[in-house]
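Subject: Handover of a structure and notes on its contents

Dear colleague,

I am passing on to you the structure shown below, together with an account of what was found in it. Please read the notes alongside the sequence and the model.

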Amino acid sequence: MQDSTAKPLLWIIVPCYNEEQVLPITAPLFLKKLEALAAAGLISEKSRVCFVNDGSKDRTWELICQFARADERWIGISQSRNRGHQNAVLAGLMEARDKCDITISIDCDGQDDLDAMDEMVKQYLAGAEVVYGVRSRRDTDTFFKRFTAEGFYHLMNLLGADIVFNHADYRLISARVLEQFADYKEVNLFLRGLVPLVGFPSGTVCYERHERLAGESHYPLKKMLALAFDGITSLSNKPIRLITGLGAVFSLVSFFGVLWAMYEAMIGNVVAGWASTVCIVCLMGGIQLICLGVIGEYIGKIYMETKARPRYIISERTWQPYERKYRG
């Protein structure tokens, strides 16, 4: 879409779920950042802020529509129901891919530093097709969240998943990359692991994350753990291989155990071992259940992928309020 002389047209993609408290605060900030980038000559004045309503149950969509009527640079799309943060980001990216040159996805809560967008756009102009926003530190997190988050990134890299350390979903992606990314049809989405798979020149921008400006986080521990497990099982088959290795080790130990039991029986040194038997049975039973659970998770993902259900359904757009036909 972009020629050698035109300034890139940017869409800021902002997923929203029940954000009526924080949206009136952050929406003007996004618009102000667009104006600053345009004034600096980095982006086109026709750039937009695109809110993606993820089936909110409060006044979020009503507010988005009000913003769109107040200024054409605010636009919005609404999903037919709540599909989760990853699908909301994907819906915005796919909506934008043939309408702009670059996208920057960012959460609505105001925690991510908007000034990092300047460096993202500059790196794009210098040749990078993807620019990842990376947290420089986690001082605002609790010790538990910091420990588990950093442990997750280390675990993902250990399992062979190519993800950027301390990067979430604050990133710049060019329309060229989005065209190729559209060929990835996974129903089980983990964008921070899928985007690096596409390739293309990339860069990183470090920034400090702040406290949420208003409202409450929609990512409690349960959702974070679910996202982490989705990421592991969607990007790596090493857990299955670990189960195979674990089974081989225990089979070998069991084989020697049988030989030992036969030897003890032949020499007549048989002692009732109720406690040891119960411990072994419980240990093996627990390991088997864990292994079956991991295998079941993979089978469940295969089941969902074969159905090929749409990952999102856009029910309304601020510029086409009654159009209900686009699916991804």
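**Helix 1 and its surroundings**

Helix 1 consists of 17 residues and spans 24 Å from its first C-alpha to its last, close to the 24 Å expected at 1.5 Å a residue. Please note that this is a predicted model. The buried residues of helix 1 are L23, T26, A27, F30, L31, K33, L34, L37 and A38. Viewed down the axis of the helix, these buried residues fall within an arc of 155 degrees, so they line one face of helix 1. The face of helix 1 turned away from the buried side carries the exposed residues K32 and A39.

What do the buried residues of helix 1 pack against? Their partners are strand 1 (10-16), strand 2 (48-53), helix 2, strand 3 and helix 4. After helix 1 comes G41, which has a positive phi, near 75 degrees.

**Salt bridges**

How many salt bridges does the structure hold? There are eleven salt bridges. In general, side chains of opposite charge can pair when their charged atoms come close.

Two of the pairs involve helix 1. In one, the side chains of D115 and K33 meet at 3.0 Å, N to O. D115 lies in the loop between strand 4 (102-105) and helix 4 (116-125), whereas K33 belongs to helix 1 (residues 23-39), so this pair ties together parts that are 82 residues apart in sequence. K33 counts as buried, at 7% relative accessibility.

In the other, R73 forms a salt bridge with E35, and their closest N and O atoms are 3.1 Å apart. This pair also links distant parts of the chain: R73 is in the loop between helix 2 (60-70) and strand 3 (74-79), and E35 is in helix 1, 38 residues apart. E35 counts as partly exposed, at 38% relative accessibility.

A further salt bridge joins the side chains of R171 and D169 (2.7 Å, N to O). R171 is buried at 0% relative accessibility, and D169 is buried at 7%.

**V195 in helix 7**

V195 is located in helix 7 (residues 191-198) and counts as buried, at 2% relative accessibility. Leaving aside residues up to four places away in sequence, V195 touches V130, Y132, R171, I173 and F181. V195 and F181 are 14 residues apart along the chain, and their C-alpha atoms are separated by 7.4 Å.

**Cysteines**

The count of disulfides, for which two cysteine sulfur atoms must lie within 2.5 Å, comes to zero. C50 is in no disulfide, as the nearest cysteine sulfur, that of C16, is 9.2 Å away. C50 counts as buried, at 0% relative accessibility. C108 is likewise in no disulfide, with the sulfur of C16 as its nearest cysteine sulfur at 4.0 Å. C108 is buried, with a relative accessible area of 2%.

**Confidence**

The protein chain has an average pLDDT of 76, and 62% of the residues score at least 70. Over residues 322-327 the pLDDT is below 50, and this stretch has 18 contacts in the model beyond near neighbours in sequence.

Yours sincerely

Key: Residues numbered from 1 in each chain as written. Predicted model: local features only at pLDDT ≥ 70, side-chain atom pairs only at ≥ 80, totals over all residues. Heavy atoms only, no water. Buried < 20%, exposed > 50% of the residue type's maximum accessible area, 1.4 Å probe, protein only. Salt bridge = Lys/Arg side-chain N within 4 Å of Asp/Glu carboxyl O. Helix = DSSP H or I, 4+ residues; strand = E, 2+ residues; numbered from the N terminus. pLDDT = per-residue confidence, 0-100. Contact = heavy atoms within 4.5 Å. Expected span 1.5 Å × (residues − 1). Arc of directions from axis to C-beta.
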